[in-house]
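Thanks for coming. Please look at the sequence and the structure on the screen, and I will go through a few of their features.

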Amino acid sequence: MKMKIVKSIALVLVMSMCTCLISACGTSKKEGDDSKVSVKIGYWPQKDVSPDNYKLYEGYLAAMNEKYPEIEIIPDHYEYAADTFLPAAASGQIPNMFRVPFTEVSKIVKAGYAADISEKFKEFGFDTALKDSVLDLVTVDGKYYGVPYNAYIVGMIYNVKLFEEAGLVDEEGKPIYPTNFEELRQTAITIKEKTGKAGFTFPTNSGWMLMSMAWSFGVDFMEQIDGKWTATFDSPEMINLMQYISDLKWKDNVLPENILLAVKDVQQLFATDQVACTYAPTDWANGMISAYGMSKDNISNSPVPAGPAGAYTQIGGDIWMVSPDTTSEQMDAIFKWLDIRGNGLKLDDSAIERQKERYKTQYEKNEAITNMDFSIFKEAERVEQIKKAKEEYLNVDEKRWNTVYSDNLILRAEEPVDAQQLYQVISSIVQEILTNQNADIPALVKQANSNFQRDFLDKNN
Amino acid sequence: MKSDVSISKSRIGIHNSMMSDKIKRNITGWLMLLPGCICFLIFVIQPMIVGIYLSFFETKGFEAVRFAGLQNYKDVITDSLFIKTVWNSVSYTFWSIVIGGFTPLIVAMMLNEVVRGKAFFRFSAYFPCIIPGIVTAIMWKILFQPDANGFLNMIFGKLGLGPFQWLQNATMTIPLINVTMAWAGFGGTALIYLASLQSVDHSLYEAAEIDGASFWRKIWHIQLPHVSGLLKMLLLMQIMGVFKVFQQPLAMTGGGPNNASTSIMLTAYNYAFSYMQVGRSSAVGMIAGIILCGFSILYFRVTRKKDSV
């Protein structure tokens with residue numbers, strides 16, 4: 001009898017486990033009120049992790065509910081990560097609106113996980129209001145796939161403390177910026193001699209950051225001939241660039257000892273006064289201030305130095321994309337949400353107030369607020385509105401926070417095809433050069449060019 | 001004739017009723033197996049079948065778009081880095097046996113001899129296994145900092161040695177990553193060996209002592225034969241596990257310098273997540289699986305021959 005009871009209990013437990021397992025495989029019930037248009041908005045800050053941003057988003061939500069009661073915004077904390085996006089998208093777990101870095105746009109579109117938003121994009125006037133270089137970031141095969149949230153260009157960033165220690169400041173205390181690559185080299189040598197710290201560095205695991213430098217040296221990476229893409233970087237310009245990098249390491253010894261550097265490693269070295277200058281997009285500064293407690297007064301910046309072909313800089317940014325299962329009504333709601341957030345073209349008084357609230361939050365966190373950001377909009381009126389909203393919160397020494405934009409600067413978006421693969425190929429050459437003093441640079445470049453052609457351009461296009 | 005048919009029918013009837021009786025009798029056991037079987041189907045068999053299927057298709061995300069035959073396999077095998085990554089994976093496996101293959105057994109033998117503080121030493125040996133793999137990788141990456149302020153370089157500096165390049169030295173990268181893997185994994189394996197060593201019949205030790213056997217002879221003639229079966233199985237599991245390494249090179253070197261530590265599974269990861277080419281990634285996974293099957297067959301053949309001798 002006792003055995004029977006035990007068996008029955010075991011059976012009930014097993015059956016309930018099976019039921020749980022099977023029910024876990026099903027889709028969850030659709031969230032939200034059926035009479036409203038519901039949209040899931042990604043990148044929503046978590047209350048415990050980022051209370052200030054969470055409060056800002058609560059403000060956006062209240063404004064949205066008041067202006068568009070027929071729309072229901074469902075917060076979603078999803079943040080893009082290369083290793084989680086694919087499974088999340090394939091299983092329908094990404095929100096209707098999600099934020100990605102611009103480098104990911106074309107591969108997400110190719111994988112079929114982004115909606116073509118051209119119709120609404122034009123309806124809300126983004127196609128005529130955004131700068132052409134910014135439009136390039138969200139255009140794939142002539143269609144629009146995202147709304148830029150912000151844009152940045154690559155410039156130079158300087159550690160003021162190390163420049164002061166090396167005596168490389170003018171009478172106003174402003175770092176003396178290198179304007180070409182020879183000056184950059186001399187500056188780095190002086191820093192190393194005077195402070196013992198690395199004069200210059202860049203992320204060696206990310207070829208993306210080398211593109212501005214390469215274009216300035218005159219490197220052409222690829223061209224399309226009769227519809228076929230051909231790798232063209234086996235050139236004297238590329239060899240010169242690699243020789244320059246090799247000399248920084250082996251002749252001048254101005255780079256850090258660690259050469260396997262990702263973006264975060266470079267930021268850490270810079271923020272902890274281990275390196276004096278580096279290539280950096282304009283959005284790095286506040287990242288280093290919040291992650292490493294670096295003082296904004298210890299940061300200075302300038303445009304990239306000019307090379308033999310000019311001063312090229314790469315443009316980047318963060319993009320809002322829309323999941324492919326989003327309906328037309330939901331897309332409309334998303335564009336209205338962007339307006340409320342202050343990402344739209346027109347800023348009404350309440351949107352300006354919310355922008356001010358954002359700057360106030362940044363100000364309180366002691367992040368740098370400047371009027372030198374790269375604007376994604378052509379329209380002067382909107383640019384002025386933002387400048388005005390910032391006015392009372394500006395908190396940097398303008399002498400040191402030089403704009404990274406100059407009239408001579410040539411803006412470029414990333415290479416048209418297989419850019420991620422190209423970055424990997426370039427970083428491999430750089431790593432070899434920096435770990436092997438006797439590396440045969442022309443042979444390495446030739447091999448990389450041929451591998452890139454054979455492994456990627458021929459197979460993917 | 002008719003009677004033959006009816007006999008056979010009645011036999012089938014008896015057989016069926018015996019079967020159903022057997023099932024009824026064991027129904028609890030079958031039901032107990034059910035959750036495990038469902039999990040196995042969902043989390044092991046289904047992804048494996050989907051992976052094999054996708055490896056023969058041109059893909060768009062995880063969707064099979066067009067049958068591509070062996071094109072994905074051709075594409076990944078003709079990649080200029082493919083041979084290098086396979087060779088790197090073999091190198092990981094070789095160094096894992098050299099560095100981490102016998103360490104757990106030696107530690108288990110030492111723990112087996114400990115008389116006082118057994119619990120402390122066992123916990124100490126097992127402790128690295130508790131730390132998540134990614135944390136271990138980052139911790140060792142910090143220890144291996146190549147400048148003079150790096151932790152290990154500071155210690156060697158006191159002895160007048162270095163500074164060493166550690167992970168940046170292309171010839172040392174794989175052995176050093178193996179050191180971190182061995183450190184993180186030896187404790188768990190050592191406890192398995194220890195459990196086996198503790199089941200050795202003590203009368204064998206006593207007999208050996210009466211015969212005047214030394215400490216080393218006891219190890220050679222009693223302990224090693226006792227754990228040899230387990231040793232073979234664990235080495236095989238280690239080979240299969242290490243050949244699939246990707247978390248450690250991803251976190252510690254990103255596959256560098258110049259792909260010196262890129263493993264075959266890191267290549268599969270790059271195809272899937274950096275380039276979103278799931279078909280090619282699946283093809284790399286399949287190739288790794290085939291190579292591992294080859295290793296296993298070879299291993300079993302060699303050990304069977306040895307056993308029969």
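**Two domains, two chains**

In chain A, the C-alpha centres of domain 1 and domain 2 lie 30 Å apart. Domain 1 of chain A covers 37-152 + 317-392, and domain 2 covers 153-314 + 415-460; these bounds come from an automatic or database domain assignment.

A word on the source: this is a predicted model, in which local features need pLDDT of at least 70 and side-chain atom pairs count only at pLDDT 80 or more, while totals for chains, interfaces and linings use all residues. Residues are numbered from 1 along each chain as its sequence is written, and chains are lettered from A and ligands numbered from 1 in the order in which they are written.

How many residues of domain 1 of chain A are in contact with domain 2 of chain A? Nine, and they meet twelve residues of domain 2; contact means that the C-beta atoms, placed from the backbone, lie within 7 Å. On the domain 1 side there are three nonpolar, two polar and four charged residues. Here Ala, Val, Leu, Ile, Met, Phe, Trp, Tyr, Cys and Pro count as nonpolar, Asp, Glu, Lys and Arg as charged, and the others, Gly among them, as polar.

Next, the contact between the chains. Chain A gives 35 residues and chain B gives 32 residues. On the chain A side, the elements that each supply at least two residues include α1 (2-25) and α18 (441-460). Helices (H or I, at least four residues) and strands (E, at least two) are DSSP runs, numbered from the N terminus. The largest share of the chain A side, eight residues, is from α1(A). By class, that side has 17 nonpolar, nine polar and nine charged residues.

Now some single residues. Which residues of chain A have a positive phi without being glycine? One is A:Y43, at about 65 degrees, in the loop between β1 (37-41) and α2 (51-67) of chain A. A:Y43 counts as buried because it has 20 C-beta neighbours inside 10 Å; the cut-offs are 20 or more for buried, 12 or fewer for exposed, and partly exposed in between, with C-beta atoms placed from the backbone. Another is A:N253, with phi near 55 degrees, and it is partly exposed, since 14 other C-beta atoms lie within 10 Å.

In chain B, the peptide bond from B:G256 to B:P257 is cis, with omega near -5 degrees. B:P257 sits in the loop between α12 (247-252) and α13 (264-274) of chain B.

Methods:
Contact = placed C-beta atoms within 7 Å.
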